[in-house]
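Have a look at the model first, then we'll go through its charge pairs, its helices and its surface.

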Amino acid sequence: MVSSSSSSLTSASFSFFSVNDRSLRLLNLIAPSLSLPAIRSSVTSRSKGRRYIVRRRMNVSGVDSSETAPSEMIFEPILEDGVFRFDCSVEHRRAAFPSVSFKKSKDREVPIQSRIVPAYTPTYSLLEEQQVVTFEFSPGTSFYGTGEVGGQLERTGKRVRFTWNTDAWGYGPGTTSLYQSHPWVLAVLPTGETLGVLADTTRKCEIDLRKEGVIRIISPPSYPIITFGPFSTPTAVLQSLCHAVGTVFMPPKWALGYHQCRWSYMSDKRVAEIAQTFRDKKIPSDVIWMDIDYMDGFRCFTFDKERFPDPSALAKHLHNNGFKAIWMLDPGIKQEEGFDVYDSGSKNDVWVKRADGKPFIGEVWPGPCVFPDYTNSKARSWWANLVKDFISNGVDGIWNDMNEPAVFKVVTKTMPENNIHRGDNELGGVQNHSHYHNVYGMLMARSTYEGMELADKNKRPFVLTRAGFIGSQRYAATWTGDNLSTWEHLHMSISMVLQLGISGQPLSGPDIGGFAGNATPRLFGRWMGVGAMFPFCRGHSEAGTDNHEPWSFGEECEEVCRAALRRRYQLLPHFYTLFYFAHTTGAPVAAPIFFADPKDSRLRTVENAFLLGSLLIHTSTLSNQGSHELQPVLPSGTWLRFDFEDSHPDLPTLYLQGGSIIALGPPHLHVGESSLSDDLTLLVSLDENGKAVGLLFEDDGDGYGYKEGSYLITHYVAERQSSIVTVKILKRKESGRGQSAVFIFSYCLVVLDAWGMDGEIVQINVPSESEVSALISTSNERFKLHMESTNLIPEKEVLHGQKGMELSREPVQLNSGDWKLNIVPWIGGRILSMTHVPSGVQWLHSRIEMNGYEEYSGTEYRSAGCTEEYNVIERDLEQAGEDESLILEGDVGGGLVLRRKIAIPKDNPRVVHIASSIEARSVGAGSGGFSRLVCLRVHPTFYLMHPTESFVKFTSIDGTKHEVWPDSGEQLYVGNNLPQGEWMLVDKSLNLGLVNRFDVSQVFKCIIHWDCGTVNLELWSEDRPVSKESPLKIEHEYEVTSSP
């Protein structure tokens, strides 16, 4: 081992369960029921037969490890040249847990001989039982990665508070923990050289990138840091990363087609109807998905006898029509004696245990559930065999959902951290849930993948997982979770797919059109346009929303969706080739455009374009702007625009890099229609030297013949000499491709075609440069005229407010001072999101139809006020000394309106001020001018970034101090127990508090209601009639402060 510092070793802490002496005694008491030896002071202990590795907190050198001064980490070269492992000390290295991210754990443990030394050495310190690792780079370094994360593409200046897999329905750009954890950062240096940094820990991990040029990683000790590079390109770093953590599984070719899903298609008849409509409308598609409602009472591995009586017959019908069928499986198994899956799991003792040794029971869809312990090989084998039997029903793929694991009716939204997993020694041994939480979903996906392998050795498994960890790509694709039907989420979906690709997971995509809420025709069509270019392409929508199939939004949207998917299917040979090289080398499939030129700083923040190999996709994510109206930021060199004679303002603009050749296939309706004898079209784009090259991978589209040599890689080489372009087709590996295949060549992306056969040398007579220039100019002019004469897809449900303002479901943004708010001028008039700009924390985010900040006109939950149509009465940038304000009104019936003014005052831009009132406008004279009995109820639903570290504090009118924690349920305060004009939602982890100040004379009651990952801080007025002279009012404000 090589040490980069000559200083003496400092002290360090190692942890198992983060236990104290009390919990250590408890674990000793329950060890027999867990089949565990007692936990002693030694690092390892043994019982008869099986060996268990049990780690507890210990002090390595006997020195107080509460805080140490920063020291350089020691390093060893591992795996291959340019890859280094860093540890705080030799003792830390020995105490680190095995790697779950590495494909072969021993690759992290075995040093190699290398003459290369690290270009950057991190420092570490131990602070409050945390290992803090710091890298420092030169100014101008850009940071990316961090896996599945919302917000901007470049992560510089951002902080990922925790990598902690979380059920994050309706997340926003500031949500700190989503469904997957990737403790990984890609650092692009000013020179374009690139370095990758992996914190190889499964525990909660904070990644802090707020300071320019600095990466700060904080997690419980002991964990190693693995660096990759610096290498000359980011692609080289990703390839090196994948040599460690594994490449993406090779997907069957049908999995690269379009997938249609909904929660839920409620019967086999509805599924068949959806499939037939795709075929009748000639919209390409390959897969129909079955969400949880196909099950009998949400019991996994069962089928509802009335709605899905014969799944094999349904699968046969779909297969005959060119569709595959994918079915959902969740980890929660209904606790019900007589249910064979529960009985079998109990008999085999495969459930996750509580701290007292009994099976943990948590509420999910079926009700009380137990959860398989996928960290244990016996449990994984048990699950895999269930999957094997399940496949016999004609199942083509499996969807693992809710596997963070999500648990209902608890504020943490998951199982307790002191639950016990009896993990395999090579994974880390017996540990509590806090150790295995982030890899639970990945290990479930692994078990499912292995079960599909058992079922049919001649078919490639296809698994989709919601939860994951770095390395999950070995077993499953993923999607970006429960997103929203908003333009913000459309824009964010591009960066999210790219971040996952940068973090080693190339097979991902969003729910096209948005999962929660109702997309408009233009939003859905635009999303399908770009979504058809994502590696994983699936439309999915939530129960209770409008239909979201491609034909559900009118003829204009349907035509755009059809064109988008025809593009995808013509590009499938290119997609499939990219995935072959991703699988074999770790190369990315979709990548940010700076991958084309890492030195060009202009490209590093581009979020509306991406690369698919030599293709560049450029789209508009603005509602009122088509793709042709954007000025593209392109890498240097030649980038030629092309289309399929289908250009439309709602479709992305496509560019092919000079020096490239790509192969296109026919626009089939499904992959099953394709064959190895299909005619192919080659697009040839010469570089400035008159040359171009390309590759095409082909095989049977499924199975493992490609591993045994049954495939074909074709090299294409084009070169211009004088007025002739010669295209050579060079085979590297023979396969079953017929020699009768026809190739059509398009040169310079104008209509200059030639025809040729497999194996031939084709020559294209090229016009002179002036003639080519004229052709291109004419083509560009026709494109411009066509786009200008083609309208955007219309938006429906455009509403008309007072003062002639046109309103739609597109949020209005207030962005001033410390705050950025999105308010929907539509049903409920609710605040959808409330982001504190200085801290980057999004305190509130919601769907369009419910939650967020809403108000009621009665004491009943969701009484009038939250479901009515609101109009914008005024919107001012400067009015009465205010920077930004918005006034909305909603008719709540009986001659009453609920009026709300939201403002960010110019003289105090740190606060959001809300003045709400219920006012009588046309109350009948027969009632004496008074309305019905009403109550103004302010009902905000705040998102808890860190549920177990959040509480509400206030001092009541009588002077009593209160701290109200999530385990208290719902609390009501009236009279002298009311807060004395303010209360604060505190996040201890962030050291921030959201202060809500109000006028006590206007508030009759306050309620705190904790739910799964959220809290309501309600303000109620008195309950009385109102007149024009006596409205009900509540004025209050929000401000973020440092928590004391």
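There are 44 salt bridges in this predicted model, a salt bridge being a side-chain nitrogen of Lys or Arg within 4 Å of a carboxyl oxygen of Asp or Glu. Side chains of opposite charge can pair when their charged atoms come close. The model is predicted, with local features needing pLDDT of at least 70 and side-chain atom pairs counting only at pLDDT 80 or more, while totals for chains, interfaces and linings use all residues. Residues are numbered from 1 along each chain as its sequence is written, and side-chain values use heavy atoms, with hydrogens and water left out.

**Salt bridges**

- D482 and R466 pair up through their side chains at 3.6 Å, N to O. D482 sits in the loop between β29 (477-479) and α11, and R466 in the loop between β27 (463-465) and β28 (468-469), so the pair ties together parts 16 residues apart in sequence. (Helices, H or I with at least four residues, and strands, E with at least two, are DSSP runs numbered from the N terminus.)
- Are these two partners buried or exposed? D482 counts as buried because its relative accessibility is 9%, and R466 is buried too, at 2%. (The cut-offs are under 20% relative accessible area for buried, over 50% for exposed and partly exposed in between, with a 1.4 Å probe and protein chains only.)
- E889 and R899 form another salt bridge, at 2.4 Å, N to O. E889 belongs to strand β54 (residues 882-893) and R899 to strand β55 (residues 896-905), so this pair connects parts 10 residues apart in sequence. E889 is buried at 9% relative accessibility, whereas R899 is partly exposed at 23%.
- E1037 and R997 also meet in a salt bridge, at 3.3 Å, N to O. This one links distant parts of the chain, with E1037 in strand β65 (residues 1032-1042) and R997 in strand β62 (residues 992-998), 40 residues apart. R997 has 24% relative accessibility, so it counts as partly exposed.
- Shared partners join E76, R85, D87, R93, R108, E109 and D200 into one salt-bridge network.

**A helix pair**

- How do helix α11 and helix α12 run relative to each other? The axes of α11 (residues 487-502) and α12 (residues 521-531) come within 10 Å and cross at roughly 5 degrees, so the two helices are roughly parallel.
- On the α11 side, the contact uses W487, H489, L490, S493 and I494; α12 brings R522, L523, R526, W527 and V530. (Contact means heavy atoms within 4.5 Å.)
- Axes here are lines fitted to C-alpha atoms, for helices over the stretch in contact, and angles run from 0 to 180 degrees between N-to-C directions. Under 35 degrees is roughly parallel, over 145 roughly antiparallel, 65 to 115 roughly perpendicular, and the rest oblique.

**A strand end**

- D876 is part of strand β53 (residues 870-876), and at 23% relative accessibility it counts as partly exposed.

**The whole protein**

- The secondary structure comes to 15 helices and 65 strands.
- Of the 1044 residues, 63% are buried.
- Among contacts with a separation of 6 or more, 69% involve residues 24 or more positions apart.
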